[in-house]
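Visitor: Hi! Could you walk me through a few spots in this one?

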Amino acid sequence: MSRELPSEHDENALAGRAPERAAPSPRGAQPGDAPASPASGTTSETGRNREEGKEGSRETLGPDGFPETETLAAQQLASLSSVAVGDDADISFDPSQFDGQGESSNTPCNTPCPKPITGSEDGLVVGFRVTFPNFEKLSAKLNAAQAGATKDKKGDDEVQFGLLRYIVSSRGAPQGGIGSVYMRWRLAAGNGLVVLVMNRGEAHRTMPNVTVRASSLLLMRFGFDRVWNLMQYCVEALGGEIIGNKLSRVDPCVDLPGTDISEFAECFKNHWVVSRSRKRRKLGKPEFVEEYLDGTDYETFYVGRTPLLCRIYDKLTESRQDILKRAVLEASRWNGVPECAARVEFQLSRPTLTRFGIDSVEDWIAKRSDVIEELTGNWLRLTAGPVDRKHAKRTPMHPVWEKTREAFFAWCGQATGQELSPLPTLAVNSSRQVATVIGIFSGMFARIGKDIHDNEKFFREVECALRDGTGDRNLADEVRRKALELGVVGIHDDF
């Protein structure tokens, strides 16, 4: 099924370029006047436009507040390619001309964003099971661009599919954690998306052969829904037919302008924390070495670890390292420049998502409010005083945590009572493993000269060898622990 092409506004904004339009006329120019010459003694039109661009003039900016000549995506890809980035005037933009959901706004530069939102998904990784009817042509095009990435000539590593242009890396990339698979091609789109493509033209029954990653900046600018549609468009523009999708990772978060990180620090320093995870970390301010060593001042707190992690940190301090992200935060989340701002962010990887019964992006959309309810109500909770460990639920919730929950539900909606049962475990074909074990024992018996005259004798000798090799080991406990590592236990067994 062919996806509907983006509108003119979406096409240019998501592709990272401005629409074609006539050049603006100088102030006071009348119809029929000759254009100003760049060689004249007065300031050229280009120079004047650049100066206006510093003040937020839309004469040099695209519909989403980005300049026509240079885009945010080009800067993000500068380290991956030889694309030149312009000077400060070229990359100036007015972030108040869009809101956090991605819709255009004509709000003047000196007016706060009219629709600040409390949060959204801060990161998104989706795997697609795709069938490519003409995979030979696609692979030849990608191989040529991949080979061009190793040359000095600029432009050989660039390809275009549909409305989007990509830079192809000189090598692929692994996808997944333990037992990761190798993706043959890595494509970085001009809008900030990263697409990984496996050297496989047919859709597998369970394993995705295309992965698309969206950055936090892209999600803040355009919103989850538009980025999700763009991801599907990217895959279909490659010539693929989407059979299904699997959500690999999602990072829901909320921003709390006006809330200082010290409000959270009070709970962690006094151990007013109720959590199903025993893994916790505190990070101090690196610029104050003495405070860091003494452990008296913190600005980042971690609870849990991959595949389920909560990070609470000072977003105002962290965003100072990225002026573009800071501008988007001020426009779409903070409604200005606050005195302080904290962020609460969860990171959910595939094993945790399957425990919540989430397989696809559609499952996440339907259940995310109930997942947030579980995470902020049961998995992690900050209390207003010392915790009675025998009756932890009786301790009242801390006001800052109540504020956090309200901010989450403000953008994802109230919980609707969706069932969060784990996904059923797929039947595993173990015939190859069994054949390997039989081959190992057959070779071992042959080497030591064991007399095997029938299958029953073989089975008895295998049992004796296994019992001798097991010794005092508790194999039941080892199997249970292995199930935890693989993420195939129930949602309440271990978090």
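Visitor: Which strand is Leu 380 found in?
Guide: Leu 380 is in strand E15, which covers residues 380-382. Keep in mind that this is a predicted model.

Visitor: Is Leu 380 buried or exposed?
Guide: Buried, with a relative accessible area of 0%.

Visitor: And what is Leu 380 in contact with, leaving aside neighbours within four places in sequence?
Guide: Val 273, Val 274, Ser 275, Val 303, Cys 310, Leu 375 and Trp 401. Trp 401 is 21 residues from Leu 380 along the chain, and their C-alpha atoms are separated by 9.7 Å.

Visitor: Let's switch to the helices. How do H12 and H13 cross?
Guide: The axes of H12 (residues 361-379) and H13 (residues 399-412) come within 10 Å and cross at roughly 170 degrees. The two helices are therefore roughly antiparallel to each other.

Visitor: Which residues meet there?
Guide: From H12, Arg 368, Ser 369, Ile 372, Glu 373, Thr 376 and Gly 377; from H13, Trp 401, Arg 405, Phe 408, Phe 409, Trp 411 and Cys 412. By type, this contact of H12 with H13 has six nonpolar, three polar and three charged residues.

Visitor: New topic: how many of the residues of H6 are buried?
Guide: Eleven of 14, so H6 is mostly covered. Among the buried ones are Phe 224, Trp 228, Met 231 and Tyr 233, along with Arg 226 and Glu 236.

Visitor: What span does H6 reach?
Guide: H6 (residues 224-237) reaches 20 Å from first C-alpha to last, close to the 20 Å expected.

Note on methods. Residues are numbered from 1 along each chain as its sequence is written. This is a predicted model: local features need pLDDT of at least 70, side-chain atom pairs count only at pLDDT 80 or more; totals for chains, interfaces and linings use all residues. Side-chain values use heavy atoms; hydrogens and water are left out. Axes are lines fitted to C-alpha atoms, for helices over the stretch in contact, and angles run from 0 to 180 degrees between N-to-C directions. Helices (H or I, at least four residues) and strands (E, at least two) are DSSP runs, numbered from the N terminus. Angles under 35 degrees count as roughly parallel, over 145 as roughly antiparallel, 65 to 115 as roughly perpendicular and the rest as oblique. Contact means heavy atoms within 4.5 Å. Ala, Val, Leu, Ile, Met, Phe, Trp, Tyr, Cys and Pro count as nonpolar, Asp, Glu, Lys and Arg as charged, and the others, Gly among them, as polar. Buried means under 20% relative accessible area, exposed over 50%, partly exposed in between (1.4 Å probe, protein chains only). The expected span of a helix is 1.5 Å times one less than its number of residues.
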